[in-house]
Amino acid sequence: MVKCGSVQRIRKSLPWFFFGFYFSVKMGSCAYGGCAHFSRSILLVLVFCLCSLVSPSRAARLSVSRQKLEVQKHLNRLNKPAVKSIESPDGDIIDCVHMSHQPAFDHPYLKDHKIQMRPGYHPEGRVFDDNKVSTKSKERTNSITQSWHVNGKCPEGTIPIRRTKKDDVLRASSVKRYGKKKHRAIPQPRSADPDLVNESGHQHAIAYVEGDKYYGAKATINVWEPKIQQPNEFSLSQLWILGGSFGQDLNSIEAGWQVSPDLYGDNNTRLFTYWTSDAYQATGCYNLLCSGFIQINSEIAMGASISPVSGYRNSQYDISILVWKDPKEGHWWMQFGNDYVLGYWPSFLFSYLADSASMIEWGGEVVNSQPDGLHTSTQMGSGRFPEEGFGKSSYFRNVQVVDASNNLKAPKGIGTFTEQSNCYDVQTGNNGDWGHYFYYGGPGRNENCP
């Protein structure tokens, strides 16, 4: 209990306004014989108020401490115990995680899920020989792999997962938004209103089909390493499987390659996937950065670097991606190349896509943050316009859709869309070796795209 005679000592350690308040309360309490009952809590309250004034950085330190704790908890959720770890030449660490311990099974609906080790059905139809791009030798392409393969492989029964580092999470706007795209990132071909071109900060050069029910899509995508102007920008080339409206309920499954310094901390070209069932608001993520996609393959890591990449007037490299809906179980499966069935998105993740897709898109996307008030110089594809052709401009070839009979077919009524064709453009074509194809991309800022 604090004695009345202790006032002088308190006075020396408290500012005058705290002392005045303390003295009046204390003396009033003593005058009425309540000195012995004066609670120590009054003093503690005053000292707490004083600390908040004399230590303004304390709140900031507490905030940093809370953030560190939040980041570490998130890392613990994402980075599952590894059976084996492999260091990639590009600095990544690939953890070989037991298949049943992958992030997908953090989802409450997947607690008792039995992993489907192979699709019930595979799409039928014309299969293009990915090693024979053209009868012209100058248009032959080469095989591609992932950088980490040179240092080892994951055992059977495990899947390779790129380890998330603390800096990866800290680059995000928040822990909650880590691994997520921003809202309104989908190219909407019917909304080329000049006033809305950069409303979302995203620009596209795509080919698309709509007006039917689609059960999958395929394409072989030329792989480059586009230059990114700002760390918060990215450049990607992908296919979109879309269902619903372009409002709040959009369903999307996406796969392709991307360069994203913000997400990965470097400028490497990487294989990626994405999904959302509510237009990028709360659901979905890149790769395996949330529960959703169930991986079954032990050889290909989502988010890992792919190499080599194509060079201007040099060797060309491409990857083949197929996404389709298994008519038996209803899940959406993904295949990489001719040999790697990677896994599936369970049908319950989606509303519209639980049935079918209403639109398919293929092409490129960049973020234009308009640095210094000018258009970004972030490249799309190879950074060259479509008219330059093979070896210079980037392409999609063997573009196909999966129909209701689970057959791969050429798309009917294919259209194109770009917000600003003087920045990034797209041109389609068709021939015997490449089927439906298109060249796309551009340099971004140039004399016609200020």
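**Basis.** I number residues from 1 along each chain as its sequence is written. In this predicted model, local features need pLDDT of at least 70 and side-chain atom pairs pLDDT 80 or more, while totals for chains, interfaces and linings use all residues; side-chain values use heavy atoms, without hydrogens and water.

**Sheet.** I found an open sheet of three strands in the order β1-β2-β6, with antiparallel pairing. Strands are DSSP runs of E, at least two residues, numbered from the N terminus, and two of them pair if DSSP finds at least two bridges between them. The edge strands are β1 (84-87) and β6 (158-162). I noted five bridges between β2 (residues 93-98) and β6, and V97 has I159 as its bridge partner in β6.

**Salt bridges.** I took a salt bridge as a side-chain nitrogen of Lys or Arg within 4 Å of a carboxyl oxygen of Asp or Glu. The count by this rule is 13. R162 bridges to D92, with the closest N and O atoms 3.3 Å apart. This pair joins strand β6 to the loop between β1 and β2, across 70 residues. D92 also meets R270 at 2.7 Å, N to O; R270 lies in strand β11 (residues 270-276), 178 residues from D92.

**Burial.** I used buried for under 20% relative accessible area (1.4 Å probe, protein chains only). R162 is buried at 9%, and D92 at 4%. R270 is buried as well.

**Network.** I traced a network of salt bridges that links D92, R162, D168, R171, D266 and R270.

Terms used: Helices (H or I, at least four residues) and strands (E, at least two) are DSSP runs, numbered from the N terminus. Buried means under 20% relative accessible area, exposed over 50%, partly exposed in between (1.4 Å probe, protein chains only).
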